[in-house]
Amino acid sequence: MPKRVVGFAMCGSYCTFDKVMPVAEQLSRVYDLVPILSENASSTDSRFGEAKHFRSLLEEYTGRPVITSIREAEPIGPKSLLDALVLAPCTGNTVAKLSCGITDSAVTMAAKAQLRNQKPVIIAVSTNDGLAANAENIGRLLCRKYVYFVPFFQDSPLKKPASLTADFSKIEETVEAALRGEQLQPLLCVK
C-alpha cells in the first residue's frame, strides 16, 4: 500500500524549529512528506539557526526540494497532490491570514489548495498572542470544516499569559485523526 502524501509546512516561529524538526523526520518515515517553508522561514537566519540548515534537513528527511513560493505551491490544488497538510509551527500571523482567507505565501497557498480540495489542514499553533489578538482567529478556524488543531497549551502562563503552543509530540496522532475526519481530543492540554 503506498504511503499517504502529507505536506509539512513550516512558518517563522524559529524558537520551535528544534522541536518540530524531529517530528518532520519521524513523519517522513510514515508518510510521503512534501516539505514547504514560508518565504520567511526559508530565508531568515535567526538566533535559533540558519535557514539553509533547516531547509537542508527537510530535504534530507523527505528526499524532495522544499516548496518556498506561491508559484511552487499552486499546483497542490488542481493536481490534488496532498492527502493532508500540516502547518508546524503555525505562527499567529499565518493563523490570522488563514482565518481571513489571505493567500500571500507558499504556506497559505498550500492551505488554500487543501481546503479547495476538501482535505485536512492540521494546525500546530505557536504564537505569543493566541489568547489575545489571535484568540478570535483561532476560534474561527476551530469552526471551519477540514481544519484541525494539534492539541495546544499555554507554554509560559506567568511570563507570557497569552502565548499558546502546540504539543508537537501529538502531530502524527492529530494527522491520523484528521484523515478520519476527527479532531483529536482533548484539544487543550495541561503542561
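Two strands are taken as paired if DSSP finds at least two bridges between them, strands (E, at least two residues) and helices (H or I, at least four) being DSSP runs numbered from the N terminus. The model is predicted, so that local features need pLDDT of at least 70 and side-chain atom pairs count only at pLDDT 80 or more, whereas totals for chains, interfaces and linings use all residues. Residues are numbered from 1 along each chain as its sequence is written, and side-chain values use heavy atoms, with hydrogens and water left out.

Strand β1 (5-10) pairs with β3 in the parallel sense over four bridges, Gly7 having Leu85 of β3 as its bridge partner. Six bridges join β1 to β2 (residues 32-37), again in parallel, and here Phe8 is partnered by Pro35. Six of the six residues of β1 are buried (under 20% relative accessible area, with over 50% counted as exposed and values in between as partly exposed; 1.4 Å probe, protein chains only), so the strand is largely enclosed by the rest of the structure. Val5, Gly7 and Ala9 cover one side, and Val6, Phe8 and Met10 the other.

Arg4, in the segment before β1, is partly exposed, with a relative accessible area of 40%. Beyond residues up to four places away in sequence, Arg4 is in contact (heavy atoms within 4.5 Å) with Tyr31, Asp32, Asp83 and Leu179. The C-alpha atoms of Arg4 and Tyr31 are separated by 5.3 Å, although the two residues are 27 apart along the chain.
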